[in-house]
Every structure is written in C-alpha cells, then in structure tokens.
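Here are my notes for you, as promised. Have the structure open while you read and look up each residue as we get to it.

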Amino acid sequence: MRRIAPLLDNQVTDESLYLGRRTFLKNSATAALVAGLPLFPGCGNDGNAKAEAAISETRPLAEITPAPARFRVDEPQTPESDATTYNNFYEMGTGKDDPARNAHLLRSEPWSVTVEGEVARPGVIPLEDFLRPHPLEERIYRLRCVEAWSMVIPWVGIPLGDVLRRLEPTSKAKYVAFETLLDPEQLPGQKRRVLDWPYREGLRIDEAMNPLALLAVGMYGRTLPGQNGAPLRLVVPWKYGFKSIKSIVRIRLQEEEPATSWNLSAPREYGFNANVNPEVSHPRWSQARERRIGDWSKRPTLPFNGYAEQVAGLYAGMDLRRNF
Ligand code: MTE
C-alpha cells in the first residue's frame with residue numbers, strides 16, 4: 001500500500017486568526033438572527049453560517065444521569081462554540097473548520113449499527129433499539145489530541161462495556177473493531193485518499209469494558225453535531241483523540257487485533273495503543289505539553305491523560321515505550 005503522508009500535526013491555528021474567526025462566526029450568526037434570516041444549510045454561500053446551522057440542528061437530550069465524581073474533571077469546560085468549530089473529522093475535510101462547514105451533508109437519521117463477529121447477538125440494529133435499554137449518562141472528560149491540543153467536554157452517552165455485555169461477546173472476542181460510515185456524498189473528504197477509508201479504530205476487549213470508555217450520543221446536553229461524530233461516536237479519554245472514532249456504523253468483535261486507520265497510514269507515528277504518554281514523543285514533536293483550546297500558555301500533559309488511577313492496571317507489565 002502506498003504510504004500516505006501523515007497529515008495530523010500540531011500546528012495549532014495561530015491564536016489571533018483563530019479568535020478572529022470565532023468573533024466573525026459569532027457576528028455572522030447574530031447578524032442573521034437580527035435580520036430575521038433563517039440559518040439553514042445551503043441558503044446563501046456563507047460557509048460560517050452553515051457551521052452555526054449545523055450546530056443548531058441538534059436536539060436537547062433529557063433524563064441524563066449527572067456525572068459522578070470519578071467521571072467528572074474538575075477543570076473549566078471548553079466553550080461549546082470551540083468544541084464544535086475546531087474539529088478533526090477528515091471525512092469532512094482536513095481543515096479544523098471544514099467539519100462544521102460540511103456537517104450539514106451528513107444524514108444522521110435514520111441510522112443503524114451493524115454488530116458482527118464473536119457475539120451471541122449480531123444484527124443490523126436501528127440506533128433507537130441499540131440505545132433504548134441504556135440510561136443516558138453525563139461524563140466530563142479531558143480530550144487530548146495527538147497534535148498536542150486538548151479540551152474538556154461534557155459528553156452524554158452510554159458505557160461501551162454495558163452495550164458489549166448486552167451483545168454477549170463469545171470467549172473468542174479479544175478485540176472490538178469500529179468503523180465510520182463510508183459514503184463520499186455525505187462525507188466528501190472520502191473523495192480524497194487522505195486515509196484508507198472507512199476510518200477504522202479498535203480497542204482490546206478489556207479496554208472496551210473499562211467504565212471510562214463511552215459511546216457518546218451527545219455533548220453539552222444536546223445530540224452530537226455532525227462535526228463531532230453524529231449520531232454515535234466513541235470517547236476513550238485516556239488515549240489520544242484519534243482512537244475516539246466518529247459516526248460509527250459497524251462494531252465487530254474479533255480474535256485478532258484490528259487494523260486501524262492512523263496506524264495503517266503511519267505505523268511509526270501512531271500506535272495501536274495510543275495511550276496518552278508525555279514521556280513518548282511523536283517522531284515530529286514532543287508530547288510533554290499541550291495547549292488547552294482557549295488558553296495562551298501550554299500545560300504539562302498527564303500520563304494516561306490524568307486517568308492513570310483508573311486504567312494503568314490494564315497495561316501492567318507492558319513496555320509502554322515500545323507499545324506506544
Ligand atoms: N473519527 C473519524 N471518523 N474521522 C476522523 O478524522 N479524527 C479523530 C477523532 N475521531 C477522526 C475521528 C481525531 S484525530 C480527534 S483529535 C478527535 O476525533 C476529535 O474529536 P472532536 O472533533 O470532537 O474534538
């Protein structure tokens with residue numbers, strides 16, 4: 001396979017440009033509201049108005065169990081306007097603001113999830129049925145991107161382990177593999193072979209069963225916007241953000257370690273484990289510090305993104321420099 005030049009980098013947009021764009025975003029939305037104009041996608045050609053529209057198409061979620069202390073980071077939350085306009089979702093473009101601009105192309109309803117492989121209860125399951133047995137829970141987690149920026153996001157979702165237990169993995173199920181929707185019309189970034197589509201990710205089954213691993217359906221009390229992975233995405237807060245695969249259509253339980261997109265693309269840069277580790281540099285930059293989006297200065301990165309107490313045991317005896 002041709003080696004695709006790795007695109008993920010840590011060139012965070014220059015802060016002044018970034019803040020300038022946000023102000024413009026705010027102003028364009030406000031101006032449209034004042035003028036009484038609807039902000040529908042496709043009306044006019046202002047990409048920023050489309051970004052605002054994509055966010056406003058989300059719905060409030062009800063009956064959410066508040067996050068208990070062990071699932072709640074005690075740090076200021078990233079403003080929703082930042083978490084929904086500064087994204088990595090290469091199927092919607094490689095620029096940080098492309099996903100918000102292209103999100104209106106994604107039809108997240110109706111949606112179904114194919115469950116297959118080593119499970120007693122495989123099937124093509126409509127999303128409503130997939131979610132129905134599980135109460136929605138809030139989780140306020142740090143998200144640490146491999147590019148050395150981070151956010152604090154209040155997610156809404158269901159523990160992945162609860163879902164897997166209901167699907168009844170067989171004794172051969174050692175890994176869980178996930179796939180994103182493959183449809184270049186809805187995800188126009190797939191028209192370019194930036195990665196080997198569909199986007200794929202995976203976890204060991206014991207990682208997937210850890211109570212921190214979440215299947216998110218919402219954020220900030222509302223359903224997920226397209227740019228954040230509507231209608232269903234993974235959130236694995238102790239691993240680099242690329243493990244948190246968006247817009248999931250397939251979950252496969254299997255005996256072998258699954259192939260994963262960034263690892264296939266650049267195996268020496270992106271490992272299968274991808275645990276946040278300030279001591280192991282990316283070949284092209286240090287992982288010791290990170291920029292919290294909205295902050296000017298950098299802060300130290302924490303081992304396992306601050307979740308060592310809950311997950312370090314999963315890697316006992318492993319050489320985390322070799323198994324990066
Ligand atoms: N999932 C898919 N399908 N495609 C992607 O490009 N990017 C990943 C991850 N999930 C990505 C994806 C990366 S690199 C990060 S950092 C997070 O999504 C970003 O999530 P956010 O945009 O909601 O902050």
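This is a predicted model: local features need pLDDT of at least 70, side-chain atom pairs count only at pLDDT 80 or more; totals for chains, interfaces and linings use all residues.

1. Let's start in a loop. Pro231 sits in the stretch between strand E9 (222–223) and strand E10 (233–235).

2. The largest pocket has Pro231 among the residues nearest its centre, together with Arg59, Ser108, Glu109 and Thr223. In total, 26 residues line this pocket, and its volume is about 620 Å³.

3. What is the lining of the largest pocket like, by class? It has 14 nonpolar, six polar and six charged residues. If you want to know which element gives the most to that lining, go to helix H5 (residues 127–131), which supplies three residues.

4. Now pick out Glu109, another of the residues nearest the centre of the largest pocket. Glu109 is joined to Pro110 by a cis peptide bond, and omega is about -5° here too. You'll find Pro110 in the loop between helix H4 (98–102) and strand E2 (112–117).

5. Where does it sit? The space it takes is the largest cavity. That cavity holds about 350 Å³ of space, and the count of cavities of 30 Å³ or more comes to four.

6. The largest cavity is lined by 25 residues, and those nearest its centre are Asn88, Phe89, Arg233, Gly241 and Lys246. Sorted by class, the lining has 16 nonpolar, six polar and three charged residues. Strand E5 (residues 149–159) gives the most to this lining, with four residues.

7. Let's zoom in on the ligand's own neighbours. There are 16 residues around the ligand, and Asn87, Tyr90, Glu91, Arg233 and Lys246 come nearest. This shell divides into seven nonpolar, six polar and three charged residues. Notice that Arg233 and Lys246 are also on the list of residues nearest the centre of the largest cavity.

8. For Lys246, an N or O atom in the side chain is 2.6 Å from an oxygen atom of the ligand. With Ser244 you need to look at the backbone instead: one of its backbone N or O atoms lies 2.9 Å from a nitrogen atom of the ligand. As for how covered the ligand is, on its own it exposes 530 Å², and the protein buries 99% of that.

9. One last thing to check is a backbone angle. Ala148 has a phi near 80°, a positive value in a residue other than glycine. Where is Ala148 found? Look in the loop between strand E4 (136–144) and E5. Strand E5 is the one from point 6 that gives the most to the lining of the largest cavity.

Conventions:
Residues are numbered from 1 along each chain as its sequence is written. Side-chain values use heavy atoms; hydrogens and water are left out. A residue is near a molecule or strand if one of its heavy atoms lies within 4 Å of it. A polar contact is a pair of N or O atoms within 3.5 Å; within protein, one must be able to donate a hydrogen and the other to accept it, and residues adjacent in sequence count only if both atoms are side-chain atoms. Accessible areas come from the Shrake-Rupley method with a 1.4 Å probe; for residues, only the protein chains shown count as cover. On a 1 Å grid over the protein atoms alone, a cavity is a set of points where a 1.4 Å probe fits but cannot get out, and a pocket is an open set with protein on both sides within 12 Å along at least five of seven lines; lining residues have an atom within 4 Å of a point. A molecule sits in a cavity or pocket if more than half of its atoms lie within 2 Å of its grid points. Ala, Val, Leu, Ile, Met, Phe, Trp, Tyr, Cys and Pro count as nonpolar, Asp, Glu, Lys and Arg as charged, and the others, Gly among them, as polar. Grid points are joined across faces, edges and corners, and a volume is the space filled by probe spheres set on the points. Helices (H or I, at least four residues) and strands (E, at least two) are DSSP runs, numbered from the N terminus.
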